[in-house]
Amino acid sequence: MWIRLRLDIGWRDLCYGFFGSFAPGKRETVQEKLEDLWSEGQNDALACLSVRSGFDLLLQALALPERSEVLFSAITIRDMPRIAKAHNLVAVPVDVCGSDYHIDIDSLQQAVTSKSRILVIAHLFGARPDMQEVLNFAHEHNLFVVEDCAEAWCEPDWRGNEQADASLFSFGTIKTATALGGALCRIKDLTILTRMRDIQSQEPVYPARKLALDCFKVAFLKIISMRILFGAIVKIGKRFRKNVNDILGGMTRGFSDDSLLPQLRQQPTTGTLRLLKRRLETYDSQRIARRIKHAQLIVAKLGLENLQPELLNNQHSFWLFPYITDRPEALINFLRKHSFDTTQRGRLEIVSPPPDHPELNSPTATELLKQTVFLPCYTEIPGAAINRMCALILDFTTDSS
C-alpha cells in the first residue's frame, strides 16, 4: 500500500539529530547562528519549539485587551484558536473559498469589527494564494497580519510575505524538511520580536532526551512506511478494528490535548536547533520539484484545470494534494482497496463562530473540507503509481455517474 505521506527526512539526518541531542554546546549560540542564517542578517527571526509556541509568544508580547478579536481563516488546526482563547481573546472565523482555501474577502468584511486586532491566515497543503487584496484590507483596518506557513515551507529563501507582520514556519514531524520539531518566526516589528525573545528566555528548555526518543520514533515510522510493511500493518489494524488514522495519529501528534500552554512554553533544545540549521543548509530542493511534478501529473490526468484552477498556481508546493469530490468516503475506501492510502481533514477543523455571532459559520469552508480527499504525491511515489491512482479515480468517477 502507498502511504498518504512520507516523512521528509533521511537516515543521516536522523543520526545527526540523535547524536546531536547529547552533544555539548551553548544553546544560545546555536540559536543565534540559526536565526542569523535564516534571516540573512536582518535580525527579524526567532526560533521556537513550534508554530504554536511562536503564536503564544506573539500574543504574550502583543498583550491585547481582553475580548479583543482574532480573525482566523476558517480552516486551521484547533490548537490555534484554543491558544487565542487561553489569552482571553475571541476567535472569529473568516470563510475561505477555492481549492487553495484562500480568504474570502466578502466574509472578511463581514467578520471585522472595532474589536478586531489580528488576522491569522493559514496557507494550507503547500498553497500560497495571492494575499494582496486581503493585506490591503487588513492594513486599512489596522489588523496585525499573521501568516501561518506551517504547511507551506518550500525553500530556504522564502520567509513569507514581506507585508505580513509575522510569518510562522513549522519543521515538525510530518512537515517538509522536518527537524522533528522546531519553528522559525519572522517578526517585522523589532520591539515585538525583542519582547518575544525576552519572554522565551524565561521558559524551560525542552528535554534533550525527548529529541533522542523522537529520533527513534521517526526511524520506526520510516521503516513501517515502506509499502509492504505498511500494507501489512493496515491489515493487522483492521483485525483489531483500528484504521490508519488511529495507527498514525498518535505517533505523529506533537502535543497532547491536556495543559496545552505549559507544553508550548518551552525553548527548543540545542539538538533541535542544530538539526534545523542542518536541514536548511543541506535540503535538496529537487525533492519539492519532484513533488510538484507529481501534482501536475495528477491535475493533467484528472482534468482539474477548470475544476480546481487554483492548483495551477506556480507557487503551490503541494505538501498534500487536495482533491475535491462529492463522494469522499466512498473514494477513500475504493482507493484503499487498491493499495492507496488516502484520508480527509487530518487535524484540521472549522473555527467555531462566537456564540453571539452564529451567522459567521463558514459554510463554504465546511463544505470544502467535507469534500476534500488528500492524495499521495510525495517524492518517493513513482510516476507509474500516480498514473494508476489517477486511472482508478477516473474509473470511480465514471462508475459513480
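Threonine 173 has its place in the loop between strand 9 (166-170) and strand 10 (183-187), where strands (E, at least two residues) and helices (H or I, at least four) are DSSP runs numbered from the N terminus. The model is a predicted one, in which local features need pLDDT of at least 70 and side-chain atom pairs count only at pLDDT 80 or more, while totals for chains, interfaces and linings use all residues. Residues are numbered from 1 along each chain as its sequence is written, and side-chain values use heavy atoms, with hydrogens and water left out.

**Threonine 173**
- Threonine 173 counts as buried because its relative accessible area is 15%, and buried means under 20%, with exposed over 50% and partly exposed in between (1.4 Å probe, protein chains only).
- The C-alpha atom of threonine 173 is separated by 8.4 Å from that of aspartate 8, although the two residues are 165 residues apart along the chain.

**The protein as a whole**
- The protein has 16 helices and 13 strands, and buried residues make up 56% of its 401 residues.
- A compact globule of 401 residues would have a radius of gyration near 21 Å, and the 21 Å of the protein agrees with this; the radius is taken over C-alpha atoms, and the globule rule is 2.2 Å times the number of residues to the power 0.38.
- The C-alpha trace spans about 60 × 55 × 40 Å along the principal axes of the protein.
- Of the contacts (heavy atoms within 4.5 Å) between residues at least 6 apart in sequence, 75% join residues at least 24 apart.

**Serine 50**
- Serine 50 is found in the loop between strand 1 (45-48) and helix 3 (51-62), and serine 50 counts as buried because its relative accessibility is 8%.
- The side chain of serine 50 reaches the backbone nitrogen of arginine 52 at 3.3 Å.

**Glutamine 267**
- Glutamine 267 lies in the loop between helix 11 (260-264) and helix 12 (270-282), and with a relative accessible area of 6% glutamine 267 is buried.
- The side chain of glutamine 267 reaches the backbone oxygen of glutamine 200 at 3.1 Å, and a polar atom of that side chain lies 3.5 Å from the backbone oxygen of serine 201.
- Leaving aside neighbours within four places in sequence, glutamine 267 is in contact with Arg27, Gln200, Ser201, Glu203, Pro204, Val205 and Tyr206.

Terms used: Polar contact = N/O pair within 3.5 Å; in protein donor to acceptor, adjacent residues only side chain to side chain.
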